[in-house]
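Work through the exercises below with the sequence and the model open. Try each task before reading its solution.

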Amino acid sequence: MVWFLSQIKDCSNHGKTQRRIMMRRDVAVRILLIHLLFFQVLSQSDGSTAPMEEKEKKALYSMIQGFVGDWWNGSELYPDPCGWTSIQGISCDLFDNGMWYITAVSIGPVVDNSLECSENAAFSTSLFELSHLKSLVIFNCFSSPVNQTTAIPSQDWNKLSSSLETLEFRSNRGISGQIPPVLGQLVNLQSLILTQNSLIGEIPWELGNLARLKRLTLSYNQLSGRVPASLGENLGDLLIIDISSNSLTGPLPSSLGGLASLLKFDLSNNFLSGNLPLELCKLKKLTLLDLRNNNISGGLPPSLQGMSSLQYMILCNNPLGGSMKQIDWKILKNLTHLDLSNTSLVGDIPSSIAESKKMRFIALDSNRLSGFVSVKLAAMSNLCALYLHGNNLTGELKFSEEFYERMGTRFSSWNNPNLCYRFEPDNGTGEGPQRVSKCRYGVKNFAHDLDLGNRAGREKTTHTCLDCIASTGISASSSSSIVGFLWIVTLFLMSFM
């Protein structure tokens, strides 16, 4: 009987547990239904999810059609572009009036489902009706300059002056013509990137009006003329200026010293001439100075020492001339990469360069440097590459064999006719830098190899303190042994006469 009552009690408890579980499930189902109903209400196509002005929608559809073609019917494909039928590359924001507006447009093959341009792509005036637009990016859209060329619109940009912050035309070889001066009216612009297009003509001085600009990139076009002085007069917030790989001419304006916030300065691969402006010393925050492949002359001004944050100084392939001693290199304590190759430098390599503790890369090749090479260079703990070939350096390289092994092909000193390296046959393998002669002491007028490229052609040295011989495998001692052997043979033959 007791057992029976306990079973009834257990069944009763089990029933209560089941009812509680069912009630919880019922509540969960009701909550889920409420959520689904709420989602259904929000996702209605009548605009309740993302209410937009009708003219905003039409401007968006018309603008996209201009790029991708008339076949594109936005009202049918994307009836709620800021809501449940969003468009790849199109972003919206909700404003205080409760309406959604287009704030970012990105056209071009960036990711899957991106809007890609047709062969007859064109700018639509509807673009300028998107009055809240903050970012416009056109990538690889006008890609063929052969079939059709297109110019950047020269009007109506002022309609976006209160909103546009980023304007980018990248890799559009079909975009030709000049940079419209009207872009200087985009007073809120922070990033202007017009790179890898086919733009021609001069850089408009009006771009100097973009006081809030932080990045200016006009590289890989066909721009000509001078760098406008206006760029340095009003762009105090500019962080990056890159106008490399164009056809700019003339000297750098001294006003560039006014770019107090500048971090990157790249005008490489142009035809710039004249001296380096003394005012560059005002660029206290600059980390990269790249002026390679120009016609800049006048030497290295001591004012360059003022760029205390500089990490990369790349001035190669310029007829700079002058001496490296114009600069106290230890002041540039943050310098990691120094490329002064083929800059017509003369004189000695200053020992102060070895005091740049962070230096990793030094290229001084193809100049007219002379004098000795300081052994302190090998003691630079972070140094990964040192190129000294093609100069008039003399004397003995006193670097260790371990240094040559560690650097490998990242060290070069060939084509310095009067330079040799220390050779200690009793210590290690005696391997030194490639195409450089071994030093020998106390043997004057010893024949040595001056044709280090192919190990051929011997001439007499004129060194007074040391002579150089090439790594031919025949040392002075072995040469003396051969001479002694020939005397013995001669005496032996004379005994039979």
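**Exercise 1. How many disulfides does a search of the whole structure find, and how are the bonded cysteines paired in sequence order?**

Solution. Step 1: apply the criterion, under which a disulfide is a pair of cysteine sulfur atoms within 2.5 Å. Three disulfides are found in the whole structure. Step 2: number the bonded cysteines of the protein chain in sequence order; the pairing is then 1-2, 3-4, 5-6.

Some ground rules apply to every exercise. The model is predicted, so local features need pLDDT of at least 70 and side-chain atom pairs count only at pLDDT 80 or more, while totals for chains, interfaces and linings use all residues. Residues are numbered from 1 along each chain as its sequence is written, and side-chain values use heavy atoms, with hydrogens and water left out.

**Exercise 2. Describe the disulfide of Cys82 and Cys92.**

Solution. Step 1: the S to S distance is 2.0 Å. Step 2: the torsion about the S-S bond is -80°, which makes the link left-handed. Step 3: locate both ends, using helices (H or I, at least four residues) and strands (E, at least two) as DSSP runs numbered from the N terminus. Step 4: judge burial, where buried means under 20% relative accessible area, exposed over 50%, and partly exposed in between (1.4 Å probe, protein chains only). Both Cys82 and Cys92 are buried.

**Exercise 3. Which hand does the disulfide of Cys420 and Cys439 have, and are its cysteines buried or exposed?**

Solution. Step 1: the sulfur atoms of Cys420 and Cys439 are 1.8 Å apart. Step 2: the torsion about their S-S bond is about 105°, so this disulfide is right-handed. Step 3: Cys420 belongs to strand E25 (residues 418–421) and Cys439 to strand E26 (residues 437–441), 19 residues apart. Step 4: Cys420 counts as buried because its relative accessibility is 0%. Cys439 also counts as buried, at 2%.

**Exercise 4. Where do Cys117 and Cys141 lie?**

Solution. Step 1: a disulfide joins Cys117 to Cys141, with an S to S distance of 1.7 Å. Step 2: Cys117 is in the loop between strand E2 (100–107) and strand E3 (135–139), and Cys141 is in the loop between E3 and strand E4 (150–151), so the pair ties together parts 24 residues apart in sequence. Step 3: the torsion of -95° about the S-S bond makes the link left-handed.

**Exercise 5. How do E1 and E2 run, and how many bridges join them?**

Solution. Step 1: two strands pair if DSSP finds at least two bridges between them. Five bridges join E1 to E2, and the strands run antiparallel. Step 2: Ser91 stands opposite Ala104 in E2. Step 3: E1 and E2 form a hairpin with five residues between them, and Gly98 in the turn has a positive phi of about 80°.
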